[in-house]
Amino acid sequence: MATLEESMEVEILKQDLDARKQISRIVSKIKDYQDKVKEIVSSYYVDFLPNCYDNMTIMKNGKMLEEEINKIVSMVNQDTAWQLSMAQEHIQQHREELSEAIVGYKTSYKLQTIHSLFEMIPRSGDDYQKLISILDKIKSLLNDGSDPVFQKLECYQSIRLRYHEEYQILLYNLNKKFESLIQFNEKPFQNTKAITIKIKKNEDQLHQVIVALVNTNYNVQRMCKFLMDNVFEPIITRPVSLTCNDDDGDFVFIQLSYQLKSNDELRPNYKIIFQRMMETFYCLGHMNILISERQCIFSIIAKYIKGTLCKLLIENCLQNDIPDTIDEMNESSMVQSIQEFNKFLTEMLFLDHENDTVLDEYASKIELLFQKKFCTNIVSTASDIMKKDLHDMVLVEERETHFSNGSDMFSSCMVSKSVVELKKLLDKILSEVTTAEKDLSDRLMKTIATILERYCIEVEQNHEKLLLKIPQQTALYHNNCMYLSFWLQKNASKLGGNNSFMLIGSALRDQGTKTFNNQLQNQRSLLLQSLKGFELSNGIVELGPEPQKAVRQCIRQFDLLKSVWQTVLPEHVYKNSIGGLVTAFCTEIIKRIFNLEDITAEIGSGLVSVIDVIKEKTPLLFKDPTDITIVVKNWTKLVQLHKILDASLIEITELWAEGKGPLTLNYKAEEIKHLIRALFQNTKHRQTCLSSIIQL
């Protein structure tokens, strides 16, 4: 009787024999399956010859074979009794043989699967989603990196090429179908362009095609560029003829035409632009297929153009239509219109309510932008006024207040019409200050300050040469500055007693005075230039015609200044200005006569004639000729010099009157003695006269 151990060995040997038979059978089936798959693959992807095998049957056999493989693998892996038997080495060999066969099977089955998927493509027709699914499966199998054998096969590149061909065919068909459903056409002419968009009224087809295109990563940039360049940009930037029709048969029509060269003056306002944009979006909405909960055609298009579109709307539409006046702003519905349009784009799923806030943010800034534009326009208007001619003038009479320094009063004079126009503008701004809200009121106050600060700078720049060369222009500019400073003082209470306005007023007066003083200095220089002909030297015997010619030249200069200043400047300014020049002139005449050491009778007579001309002509520079004695500080001294030159020693002695006569008001004793020595020869009588000239 056999022992238990011997019985177990016999049982294990039987199992071993049975396993080897099953493994051999499976391996044989795998090889047979591989051969058939190889013939199919070689036929289609290597030799490109017809094949007689039934692919569906082979696929079914492959699946059945896979089930048998799984069973034998499970049996071999689970029978632990073998691990303890003498057959362990044999079983290991069977396992290795089976593993190699399975690897080959998997590769063959993958090839057979890919081929079966390719065969499904023609049967799928226009079911684009199914075609995409098939091609995605093929792509996944082709890119399976876990198979070390597949990508090294001779047929791999051919299969991959077949995949790309099928994919391109799918894309081509999708594009053709898309273009039959949605048609974009443009027709340029010499000066105009016509745009037509047709959208098929077939939501099912549109949905199928568009979803398929999105799933194939369709490049929508060409469509986005067409819409931006040929539809949205023209609607925003120029007049267009727009027709949107969704009642015509099977298609929705959008027809647009416009001039190629735009004219800013004909640009439509924001309300018309919003209306046309909404009409366009409504019609385009027929292609706005919902792809997923958060994605549709508009959201895809928006990804590429919404930034440009919003920027174009702001810079080429809204920015230009911000109201110009307070009344227009009060009546404007711009903020509400922008918010409603933004809401519309959000509802059309073109804008994301949470992330796309550009238009809403712009709407919230309209009030601030209006204030800035309003004040900028005011400054621009003021600047244009400042550029106008200064010599176009008008009389103003203001006698109401003193300047802040308390020394001068603004009196009637001529000012430029432009500064009166500027003053009216300032009055208008100031009236708005009292009724406007605080933010605008503060900005308007700053605008007034800006205008007045810029007045000095801009007028100086725009009229620089005229202010330097033309005395009348300088006088008008002086008056203009004083007039504006006077306006500031008169409206100090309305301006809130702002210290900065006091400083601006002071700066205006200083600038006007400085410019006018420069003109006065220029006139003094011209006087000195003319008086070069009044050169007197101790060696001359007779005076000659030159001194009188020089004096008459100076008087002609005074007459010219009178003609352009007397009716322009305030009376006190005119008298002080012309008086200062005459004073400088008289000072030069007196100084040059005093420089003579010897004055002959002929020279003395000539000097008297010269001073006669001055005495005759110069007082006529004033409305009241007697004013010359007050305004020209050394006028009496010159008149007395005229007497001295034509007087005898006795007359001079009497005029001095031992230091109590009229000469003592303007002359020192040494000056009179100098003149006596120059005019008279050294005699006993002269000595007596000189000894009587003493200073008390």
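Visitor: Glu588 first. Buried or exposed?
Guide: Glu588 counts as buried, because its relative accessibility is 14% and the cut-off for buried is under 20%. Keep in mind that this is a predicted model.

Visitor: Which side chains does Glu588 meet in a salt bridge?
Guide: Lys591 is one of them, at 3.4 Å, N to O. Arg592 also forms a salt bridge with Glu588, at 3.1 Å, N to O.

Visitor: Where do Lys591 and Glu588 sit along the helix?
Guide: Both are in helix α20, which covers residues 571-594. They are three residues apart, so about one helical turn separates them.

Visitor: And how many residues apart are Glu588 and Arg592?
Guide: Four, again within helix α20. That spacing is about one turn of the helix.

Visitor: Which residues make up the salt-bridge network here?
Guide: Glu535, Glu588, Lys591 and Arg592 are linked in it.

Visitor: How many salt bridges does the count come to?
Guide: The count comes to 19 salt bridges.

Visitor: Let's take another. Which residue does Arg454 meet in a salt bridge?
Guide: Glu458, with an N to O distance of 2.5 Å.

Visitor: What about accessibility for Arg454 and Glu458?
Guide: Arg454 is partly exposed, at 31% relative accessibility. Glu458 is buried, at 11%.

Visitor: Changing topic. Which residues form the patch of negative charge on the surface?
Guide: Asp612, Glu616, Asp646, Glu651 and Glu654 gather there. Two elements each give two or more residues to the patch: α21, residues 601-617, and α24, residues 649-656.

Visitor: Where does Asp612 lie?
Guide: In helix α21. Asp612 counts as partly exposed, with 34% relative accessibility.

Visitor: What does Leu359 touch?
Guide: Leaving out residues up to four places away in sequence, Leu359 touches Cys310, Ile314, Leu318, Ile338, Phe341, Asn342, Leu345 and Leu351.

Visitor: And what separates the C-alpha atoms of Leu359 and Gln339?
Guide: A distance of 7.4 Å. Along the chain, Leu359 and Gln339 are 20 residues apart.

Visitor: Zoom out. What does the secondary structure come to?
Guide: The chain has 26 helices and eight strands.

Visitor: How many residues are in the chain, and what share is buried?
Guide: There are 696 residues, and 45% of them are buried.

Visitor: What about contacts between residues 24 or more positions apart?
Guide: Such pairs account for 74% of the chain's contacts with a separation of 6 or more.

Visitor: Last one. What does the accessible surface come to?
Guide: About 37300 Å² for the chain. Carbon and sulfur atoms own 50% of that area.

Terms used. Residues numbered from 1 in each chain as written. Predicted model: local features only at pLDDT ≥ 70, side-chain atom pairs only at ≥ 80, totals over all residues. Heavy atoms only, no water. Buried < 20%, exposed > 50% of the residue type's maximum accessible area, 1.4 Å probe, protein only. Contact = heavy atoms within 4.5 Å. Areas by Shrake-Rupley, 256 points an atom, 1.4 Å probe, with all protein chains shown as cover. Salt bridge = Lys/Arg side-chain N within 4 Å of Asp/Glu carboxyl O. Patch = residues over 30% accessible without salt bridge, like charges linked within 9 Å, V, L, I, M, F, W, Y side chains within 5 Å. Lys, Arg positive; Asp, Glu negative; His and termini not counted. Charge placed at Lys NZ, Arg CZ, Asp CG, Glu CD.
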